[in-house]
Amino acid sequence: MDGLGLQIALPIAGVVAAAAVTFYAVSFAELREKSFRDLEESEYEEDGAYRPSPSSRERRARRQANKNNKK
């Protein structure tokens, strides 16, 4: 690539890279905010009492029961 082509391509590549980094940073920030909001909402039942999340054994048993019911 000649000098002029490099002078044009380098700033364009920089802008594209900056846009990609910004896009991913904003996307991850929104996902994190949404997951924290969902976590806060899921910890409390409708009456406002704290409800701990089910243990891994309970989740596994529930998945197995759902799988068996589908058969």
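The chain has two helices and zero strands. Both terms refer to DSSP runs, numbered from the N terminus: helices are H or I with at least four residues, strands E with at least two. This is a predicted model, where local features need pLDDT of at least 70, side-chain atom pairs need 80 or more, and totals for chains, interfaces and linings use all residues. Residues are numbered from 1 along each chain as its sequence is written, and side-chain values use heavy atoms, without hydrogens and water.

| Helix | Residues | One member |
|---|---|---|
| α1 | 3-42 | Ile8 |
| α2 | 56-70 | Lys67 |

Leu4, Ile8, Ile12 and Val16 form a nonpolar surface patch of about 400 Å². A positive surface patch gathers Arg57, Arg59, Arg60, Arg62, Arg63 and Lys67. Patch residues have over 30% relative accessible area and no salt bridge; like charges are joined within 9 Å, nonpolar side chains within 5 Å. A salt bridge puts a side-chain nitrogen of Lys or Arg within 4 Å of a carboxyl oxygen of Asp or Glu.

The structure holds two aromatic pairs. The ring centres of Phe23 and Tyr24 lie 5.4 Å apart with planes at 75 degrees, so this pair is edge-to-face. Rings pair if their centres lie within 6.5 Å; planes under 30 degrees apart are stacked, over 60 edge-to-face, the rest tilted. Ring pairs link Phe23, Tyr24 and Phe28 into a cluster.

Terms used:
Areas by Shrake-Rupley, 256 points an atom, 1.4 Å probe, with all protein chains shown as cover. Lys, Arg positive; Asp, Glu negative; His and termini not counted. Charge placed at Lys NZ, Arg CZ, Asp CG, Glu CD. Phe/Tyr/Trp six-rings, centres within 6.5 Å; stacked < 30°, edge-to-face > 60°.
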